[in-house]
Amino acid sequence: MSEISLWNESLVAGSLTPSNQKTYKVTKRVHEGKKPLCSVVFNFIDPRFYNFFVTAGGNGINMYNCLEDGGISSLHSYTDEDKEESFYTASWTCSLLERNPFVAAGGLKGRIRVLNLQNNIIKTLVGHQGSVNEIKTHPMIPQLVLSASNDGTVRLWNVETGICVLVFAGSGGHESAVLSVDFHPYDMHRFVSCCMKTTTKVWSMKEFGKHVDESFTWKDDPKTFQTQVVQFPVFTASDRMTIVECNCWVGDYILSKSMTDKILLWQPQLKENSPGEVTLDVLCRYPIPKSYLGHIKFSCDLPMNYVSIGNQKGKIYVWDLKTRPPVLITVLSHYQSKSLIKQTAMSTDGNTILAASEDGTLWRWDVKRV
């Protein structure tokens, strides 16, 4: 394991002058209530349900369908029996055989609720000793999810069986609250995580493939499954200048959102045969004005052509990920959108953008057709 600094001022920064190669308009606005909306996520794991999305905020989870006419249709709502629960994150998953869609949601209380489309609880995953800040689903095995927690650990769960398969913690683990996790889109064994103490870690599950397989065939009580602890990542990077609060793979590159009004695109150069030799290539910087407050998360479309992110003034910045230097496609603003946008969600093609606002409002933006 090696640690290096992420900080590099020689990278290519994008201009804040929009190209306006795409323009969007507000097509729908839904006010869910007074509690902040913390998360909004499209279903990217099943083409049958690409138009479905979920929101999380307070002790409620809401499932919707994005209609072709620009509207939003409510599917089901779930209110947790614990009035003190506050959901921070949600992710789509599914069953193994019928591939029925489920939603895994977590937050303040540290437990993860797994809900079906009728918003009935089918499982509750218990193990974290702190709040759950983010949940991500494996892109190739959607019965597996990762959870990042304030207890300093990342856990791998099998939502089909309710088993906690792996815990990533220990000597080489994070030393503070883990804020974000993301599976590699092509390498089924690898994921990235980041924490409050400004470190980003890349982990590998390759040595535990047999253990993961056993979690699908386990017939006894899930509590008797021998959860394995993974202590050492394959790579650690440190940006001592600021907290990194959101990470996402773009192919073999990583997008990182810090609390200094920017997103970085960088590549960890992993030399697995020489673990002491590590290099880091920071490629681009995407400025995001007024985004230094915590808990702002970005999103990408399915092919990873674009990234969108809100700021504390209610605006949304949409950047082109395929251009060097970076091109700002557009800035979305509305006179009624003045509250911090905690998370955006982009549709598979990037033509629809959803925004979860701190004032409890859900916004839908759609590309203007020529």
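The model is a predicted one, so local features need pLDDT of at least 70 and side-chain atom pairs count only at pLDDT 80 or more, while totals for chains, interfaces and linings use all residues. Residues are numbered from 1 along each chain as its sequence is written, and side-chain values use heavy atoms, with hydrogens and water left out.

Let's begin with a sheet. Strands here are DSSP runs of E with at least two residues, numbered from the N terminus, and two strands pair if DSSP finds at least two bridges between them. In general, strands of a sheet pair through backbone hydrogen bonds, either parallel or antiparallel. Here, 4 strands form an open sheet in the order S8-S9-S10-S11, with antiparallel pairing. Strand S8 (87-94) and strand S11 (121-125) are the edges; each has a single partner strand, so one side of each is left without a neighbour in the sheet. From one strand to the next the twist averages 20 degrees, an angle taken between axes that are lines fitted to C-alpha atoms, on a scale from 0 to 180 degrees between N-to-C directions. If you look at S8 and strand S9 (residues 101-107), you will find 7 bridges joining them in the antiparallel sense; alanine 90 has alanine 105 in S9 as its bridge partner.

Next, turn to strand S15 (residues 163-168), where 6 of the 6 residues are buried, meaning under 20% relative accessible area with a 1.4 Å probe and protein chains only. Strand S14 (residues 154-158) pairs with S15 in the antiparallel sense over 5 bridges, and leucine 156 has leucine 166 in S15 as its bridge partner.

Phenylalanine 168 brings us to the aromatic rings. The structure holds 12 aromatic pairs, counted when ring centres of Phe, Tyr or Trp (its six-membered ring) lie within 6.5 Å; planes over 60 degrees apart make a pair edge-to-face. Phenylalanine 168 and phenylalanine 191 form an edge-to-face pair, 4.8 Å centre to centre with 80 degrees between the planes. This pair links distant parts of the chain, with phenylalanine 168 in strand S15 and phenylalanine 191 in strand S17 (residues 190-195), 23 residues apart. Phenylalanine 168 counts as buried because its relative accessibility is 1%, and phenylalanine 191 because its value is 0%. Ring pairs also link Phe168, Phe183, Phe191 and Trp203 into a cluster.

Finally, have a look at glutamate 134, which lies in strand S12 (residues 132-137). Is this residue buried or exposed? Glutamate 134 counts as buried, because its relative accessibility is 4%. Its side chain makes a polar contact with the side chain of serine 180 at 2.5 Å; a polar contact is a pair of N or O atoms within 3.5 Å, where within protein one must be able to donate a hydrogen and the other to accept it, and residues adjacent in sequence count only if both atoms are side-chain atoms. The backbone nitrogen of valine 181 lies 2.9 Å from a polar atom of the glutamate 134 side chain. Leaving aside neighbours within four places in sequence, the residues in contact with glutamate 134 (heavy atoms within 4.5 Å) include Thr89, Leu146 and Lys297.

Note on methods
Buried < 20%, exposed > 50% of the residue type's maximum accessible area, 1.4 Å probe, protein only. Phe/Tyr/Trp six-rings, centres within 6.5 Å; stacked < 30°, edge-to-face > 60°.
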